[in-house]
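Hi,

Here is the model I promised to pass on. Have a look at it first, and my notes follow below.

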Amino acid sequence: MTDTRGTTDPKDWKPLELRPKGRTGAEAIRELLADTGDFGELLAREKAVVFRDFEVAEQDVETAMDLLLPNRLAYMHGTSPRTKLGGNLYTSTEYPQHMTIAMHNELSYSHHWPERLFFYCATTPGSGGATPVVDGGLWLDSLDEEVRDAFAAGIRYTQNLHDGFGLGRSWRQTFETDDRAVVEAFLEQGEFDWQWTPDGGLRMISPIRPATVKHPYSGTEVWFNQADHFHPAALGDETSRELAQILPPEELPQSVTFADGSPIPDAYALHVHDIGLEAAVDVDWRQGDLMVIDNVAVGHGRRPFGGDRRVLVAMSD
C-alpha cells in the first residue's frame with residue numbers, strides 16, 4: 001500500500017479487507033493466514049486488516065484471537081468503562097450510543113501500551129456504529145503547524161481516582177485489582193508522581209509523555225497521545241463539560257497540560273479532536289466480522305449508533 005504521510009486526501013489510506021476463499025469461521029482465518037505468511041509483517045505494512053464475511057461465531061472468538069493476538073493483555077490503567085468477559089476480552093467502551101468517541105491510540109497516555117488491538121462484531125448495529133480508523137502520520141500532518149509546534153515538548157496527564165464512590169473510575173476499576181501494592185509497582189515502573197488521598201483515592205501525575213512517536217516498523221512519525229480526551233473542552237458529555245466549569249482542572253477525574261504545566265488552549269484540543277475524526281475512514285460492522293489494527297500506526301474511535309451494537313475488544317503486545 002502507499003504510505004499516505006504528506007498526502008492531502010485522508011481517504012488515500014484504508015484498511016486492507018480480507019475475505020474467505022471458501023468455508024467461513026475461525027478455521028477459515030487459520031487457512032488464510034497459512035497462505036498469507038507472517039501476519040505481523042502484513043499488519044505493520046497495512047496498519048489495519050479487516051476480516052470481512054468470515055462469520056466467526058462468538059463461541060469461536062477466542063480461537064480467532066489465538067491466531068491474531070500473540071499475547072493478550074489486561075486493560076491495565078484503562079480509563080473507559082468496559083465489562084471484562086474473561087480471557088482478557090472486553091466489551092468496547094460503554095458510552096451512551098448517541099456519543100461519538102473521538103480518535104485515539106489505546107493507552108497512549110500510559111508508559112505501556114498494546115501494539116495490536118482486536119475488534120469482533122458480535123451484534124450488527126441497528127444503524128451507524130462504525131469504528132473509524134485514522135492513519136497517525138496523516139493525522140499529524142493534517143494538524144496546523146502552530147498546534148504541532150505547541151505539543152512538541154510533550155504533555156502531562158493528571159488522574160484523580162476515587163476509592164469506589166465518586167466521579168469517573170475508581171483505582172480498583174482502572175487497575176483491575178484491590179491490591180495497592182500492585183498499583184504502586186505499576187506507578188513506580190511508569191515514574192508517576194502519586195499519592196493516596198485521605199479518602200482512599202489515588203492522585204497520579206504522569207511524567208512528560210511525548211505527543212508523537214516514531215513507528216518501530218516504518219519509522220513514520222505519528223500523532224500518539226490522548227490530550228483531547230483528557231481535556232475538558234473536547235468532552236462529549238454535557239454533564240462532564242458542566243463539571244469542568246465548576247471544578248479546577250487539577251480536581252477533575254482526568255486533565256492534561258503541556259509539559260511545563262501550562263494549560264492547553266481549548267482551541268488546540270478541539271482542533272486535534274476534529275481533525276482526527278475528519279481524517280478517519282469508517283469501518284462498518286456486520287456480525288462475525290473482525291478487525292486487527294496496529295495501535296501505534298492507527299487511531300480509532302466510534303460513531304454514534306441506533307439499535308443494538310455489540311463489539312468486543314482485546315489487545316496484545
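Predicted model: local features only at pLDDT ≥ 70, side-chain atom pairs only at ≥ 80, totals over all residues.

To start with a question: which residue in β17 is the bridge partner of His 104? It is His 300. Numbering runs from 1 along each chain as its sequence is written, and side-chain values use heavy atoms, leaving out hydrogens and water.

**The sheet with that pair**

β5 (101-104) and β17 (298-302) run antiparallel and are joined by two bridges. (Helices, H or I with at least four residues, and strands, E with at least two, are DSSP runs numbered from the N terminus; two strands pair if DSSP finds at least two bridges between them.) They belong to an open, antiparallel sheet of four strands in the order β5-β17-β8-β15. β5 and β15 (281-283) are the edge strands, each pairing on one side only. On average, neighbouring strands here are turned by 25 degrees against each other, direction ignored. Helix α10 (residues 266-278) packs on this sheet, touching β5 and β8 (131-135), and its direction makes about 85 degrees with that of β5. Contact means heavy atoms within 4.5 Å; axes are lines fitted to C-alpha atoms, for helices over the stretch in contact, with angles from 0 to 180 degrees between N-to-C directions.

**Cavities**

His 300 turns up again here: with Ser 92, Thr 93, Phe 119 and Gly 301, His 300 is among the residues nearest the centre of the largest cavity, which has 14 lining residues. Its volume is about 130 Å³, and the whole structure has two cavities of 30 Å³ or more. (On a 1 Å grid over the protein atoms alone, a cavity is a set of points where a 1.4 Å probe fits but cannot get out, and lining residues have an atom within 4 Å of a point; points are joined across faces, edges and corners, and the volume is the space filled by probe spheres set on them.) β17 gives the most to the lining, with three residues.

**The other sheet**

There is also an open sheet of four strands with antiparallel pairing, ordered β10-β11-β9-β14. β10 (193-196) and β14 (254-258) have a single partner strand each, so one side of each is left without a neighbour in the sheet. The twist averages 10 degrees from one strand to the next. β9 (residues 155-161) pairs with β14 over five antiparallel bridges, and Arg 156 stands opposite Thr 257 in β14.

**Salt bridges**

The count is 18 salt bridges, taking a side-chain nitrogen of Lys or Arg within 4 Å of a carboxyl oxygen of Asp or Glu. One of them joins Asp 35 and Lys 21 (3.1 Å, N to O). Asp 35 is in helix α1 (residues 26-36) and Lys 21 in the loop between β1 (16-18) and α1, so the pair ties together parts 14 residues apart in sequence.

Cheers

How values were computed:
1 Å grid on protein atoms, 1.4 Å probe; cavity = no way out; pocket = protein on both sides within 12 Å on 5 of 7 lines; lining within 4 Å.
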